[in-house]
Amino acid sequence: MDTKDVTINANDFEYSFSVGTKFGQLSASETLAETLRNRLGLTGSKEACNEGACGCCTVIINGNAVTSCMTLTVDCDEKNITTIEGLANPETGELDPLQQAFLDRYAFQCGYCTPGIIMASKALLDKNPTPTDTEIKEALSGNFCRCISQYHVIEAVSDIAKGVQK
Ligand code: FES
Ligand code: FES
């Protein structure tokens, strides 16, 4: 019987999975959110709606912000994935400036949505380092927060866009 492998690169580490229906194999219907959280222990990306509506599970795949609950892992073969765990400096532990800006601006409360919002913001800033507030709002239009008004988030992302160091 043919077996297929899927190899993903998550936060600069390579992981290979055998696809199939046997115990331990990657099911063809397994989502990337499930793989990241349940197999790799990367629990920063949150599963909430599981239908692409809230953005809590957002990760970056080959430079684009993607909802991992709506992405099949088998479709991520040979792709580069960055999760919230991949932002801090792996050697020093220093936070990414965007993470620090969220802290400085108190841009979260319970924090459940925050990894997804940061990853969507990161994808935006990587493509467009100086977005306007309107562009920031558009980029984050798929990310929902139950706790706070979004303006703290806009301020944090805008600080990075303007090069503000607090
Ligand atoms: S959990 Fe993926 S969009 Fe809500
Ligand atoms: S900070 Fe609680 S859901 Fe956004």
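Predicted model: local features only at pLDDT ≥ 70, side-chain atom pairs only at ≥ 80, totals over all residues.
Local features were taken at pLDDT of at least 70 and side-chain atom pairs at pLDDT 80 or more, whereas totals for chains, interfaces and linings use all residues. Residues are numbered from 1 along each chain as its sequence is written, and side-chain values use heavy atoms, with hydrogens and water left out.

The chain is divided into domain 1 (5-86) and domain 2 (97-162), with bounds from an automatic or database domain assignment. Their centres, taken over C-alpha atoms, are separated by 22 Å. Domain 1 contributes 17 residues to the contact and domain 2 contributes 14 residues, contact being heavy atoms within 4.5 Å. About 1,200 Å² is buried between domain 1 and domain 2, and carbon and sulfur atoms give 63% of this area; buried area is the accessible area (1.4 Å probe) that two parts lose on being put together, summed over both. On the side of domain 1, the most area is lost to domain 2 by Cys-56, Ile-60 and Ile-84, which together make up 38% of what that side buries.

An open sheet is formed by 5 strands in the order β2-β1-β5-β3-β4, with mixed pairing. Strands (E, at least two residues) and helices (H or I, at least four) are DSSP runs numbered from the N terminus, and two strands pair if DSSP finds at least two bridges between them. Because β2 (13-19) and β4 (64-67) each have a single partner strand, one side of each is left without a neighbour in the sheet. Neighbouring strands are turned by 35 degrees against each other on average, direction ignored. Strands β1 (residues 4-10) and β5 (residues 80-82) pair in the parallel sense over 2 bridges, and Asn-9 stands opposite Asn-80 in β5.

Helix α1 (residues 32-39) packs on the sheet, touching β1, β2, β3 (58-61) and β5, and its direction makes about 100 degrees with that of β3. Helix α3 touches β3, β4 and β5, at about 30 degrees to the direction of β3. Axes are lines fitted to C-alpha atoms, for helices over the stretch in contact, and angles run from 0 to 180 degrees between N-to-C directions.

In helix α5 (residues 151-161), the buried residues are Val-153, Ile-154, Ala-156, Val-157, Ser-158, Asp-159 and Ala-161, buried meaning under 20% relative accessible area (1.4 Å probe, protein chains only). These residues pack against α2 (97-104), α3 (114-127) and α4 (133-139).

Note on methods
Chains lettered and ligands numbered in written order. Buried < 20%, exposed > 50% of the residue type's maximum accessible area, 1.4 Å probe, protein only.
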